[in-house]
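Hi everyone, thanks for coming. Today I'd like to walk you through the aromatic rings in a structure that may be new to you. Let's bring it up on the screen.

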Number of protein chains: 2
Amino acid sequence: MAPRRMAPERRRAQLVEAALELYGRHAPEQVSVDDVTRAADVSRALFYRYFSSLHELHVAALGAVVEAMLRRLALPAEGPLPERLRAALAVFLDVAEQHAAAYVALLRAGSVISTGETGALVDEVREHIVGLLRERGDVPDGPLVLMTLRGWVALVEGAVLTWLQERTVPRETLLDWLAGQMVGALAVTARFADG
Amino acid sequence: MAPRRMAPERRRAQLVEAALELYGRHAPEQVSVDDVTRAADVSRALFYRYFSSLHELHVAALGAVVEAMLRRLALPAEGPLPERLRAALAVFLDVAEQHAAAYVALLRAGSVISTGETGALVDEVREHIVGLLRERGDVPDGPLVLMTLRGWVALVEGAVLTWLQERTVPRETLLDWLAGQMVGALAVTARFADG
């Protein structure tokens with residue numbers, strides 16, 4: 001049995017960790033409260049002291065993935081843009097691969113897991129990346145540039161989602177292609193005076 | 001008062017229409033059952049014979065917008081790709097503008113309206129557009145091409161969402177820019193052998 005006395009924050013984190021580990025083997029929608037309590041070696045009563053529902057645990061677990069993403073993502077300050085993008089993309093892909101099941105559950109359209117709450121979490125990652133690109137990506141200001149950056153983030157998100165499920169191209173190709181798409185999209189936008 | 005006897009399908013459509021009209025003036029999350037019954041001039045009891053909840057009406061109304069989009073969207077068979085894309089984009093933008101509040105409610109991340117069900121509706125439009133592009137867009141097959149098409153659809157969706165809320169560039173610029181982004185993205189992908 002797990003230690004009976006544990007600080008509330010640690011106990012909560014332990015349950016989230018158990019959920020994330022289970023998501024590595026099963027889709028989140030197939031993980032039950034019993035699965036989690038068994039994996040964490042705690043009672044159902046204890047589970048419900050920390051989470052009012054399974055959905056609340058899902059949101060907390062997905063929040064932990066989002067936090068890892070926000071903590072680890074950075075855009076190097078030096079070097080040519082494609083190389084710096086590639087480095088940032090490699091980190092994004094690492095975190096997404098490490099929590100592949102949660103990532104897929106979070107972003108797949110029509111997922112039973114996705115709600116307003118998880119949508120807001122996803123949006124936080126998107127805005128973080130757009131912020132990094134605006135601050136360090138040497139891009140001009142302007143409405144079309146902003147739409148270009150947001151569009152590229154959506155491309156990355158969707159492509160990684162497909163790739164995690166199908167692995168149809170080598171990892172290195174995916175990274176080069178995504179970096180190339182950003183450079184290409186900015187070049188198209190640069191042709192527009194309203195950019 | 002509205003006619004007391006009406007075929008069930010027509011009555012249901014009447015309520016959906018009343019909701020869509022209200023969404024033109026208020027965000028869907030601010031529209032109540034009372035607002036809808038008042039606009040359609042029917043009783044609450046009648047409303048609940050057709051919809052078990054306000055959420056069900058939201059989904060039906062958004063479904064009507066999706067249906068209009070699917071019915072009207074087409075990619076002309078003849079002409080240079082940028083021009084054909086531009087024509088299809090103009091139709092997309094027309095439908096989105098006509099139902100701007102519903103469109104924004106449906107696609108905004110973290111919206112209280114968005115659920116698995118509305119996510120599935122949005123996905124239907126996405127897959128329809130990707131299908132049109134694959135059939136008639138003169139694009140090669142391949143995993144990176146597919147990701148390019150999906151990424152471009154996400155760009156269109158996001159850009160139109162931003163544009164409906166902020167109108168920061170002229171409509172014609174938006175259409176040219178979106179068509180240009182598709183052509184540019186395909187050109188980048190063509191450089192990859194795994195495309």
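Counting over all chains, we get 6 aromatic pairs. Please keep in mind that this is a predicted model.

How are the rings of Phe92(A) and Tyr103(A) arranged? Their centres are 6.1 Å apart and their planes meet at 90°; an angle over 60 degrees counts as edge-to-face, so that is what we call this pair. Now look at where the two residues come from. Phe92(A) belongs to helix H5 of chain A, residues 81–98, while Tyr103(A) belongs to helix H6 of chain A, residues 100–107, so the pair ties together parts 11 residues apart in sequence. And are these two buried or exposed? Both Phe92(A) and Tyr103(A) are buried.

Over to chain B. The rings of Phe92(B) and Tyr103(B) have centres 6.1 Å apart and planes at 90°, so this pair is edge-to-face. Here Phe92(B) sits in helix H5 of chain B and Tyr103(B) in helix H6 of chain B, 11 residues apart. Buried means under 20% relative accessible area. Phe92(B) has 6%, so it counts as buried, and Tyr103(B), with 5%, is buried as well.

Back in chain A, there is a cluster to find: Phe47(A), Tyr48(A) and Phe51(A) are linked by ring pairs.

Last stop, a charge and a ring. What sits over the ring of Trp163(A)? That would be the charged end of Arg167(A), 4.4 Å from the ring centre. In chain B, the charged end of Arg167(B) sits over the ring of Trp163(B), 4.4 Å from its centre.

Definitions and conventions. Residues numbered from 1 in each chain as written. Chains lettered and ligands numbered in written order. Predicted model: local features only at pLDDT ≥ 70, side-chain atom pairs only at ≥ 80, totals over all residues. Heavy atoms only, no water. Phe/Tyr/Trp six-rings, centres within 6.5 Å; stacked < 30°, edge-to-face > 60°. Helix = DSSP H or I, 4+ residues; strand = E, 2+ residues; numbered from the N terminus. Buried < 20%, exposed > 50% of the residue type's maximum accessible area, 1.4 Å probe, protein only. Lys NZ or Arg CZ within 6 Å of the ring centre and 35° of its normal.
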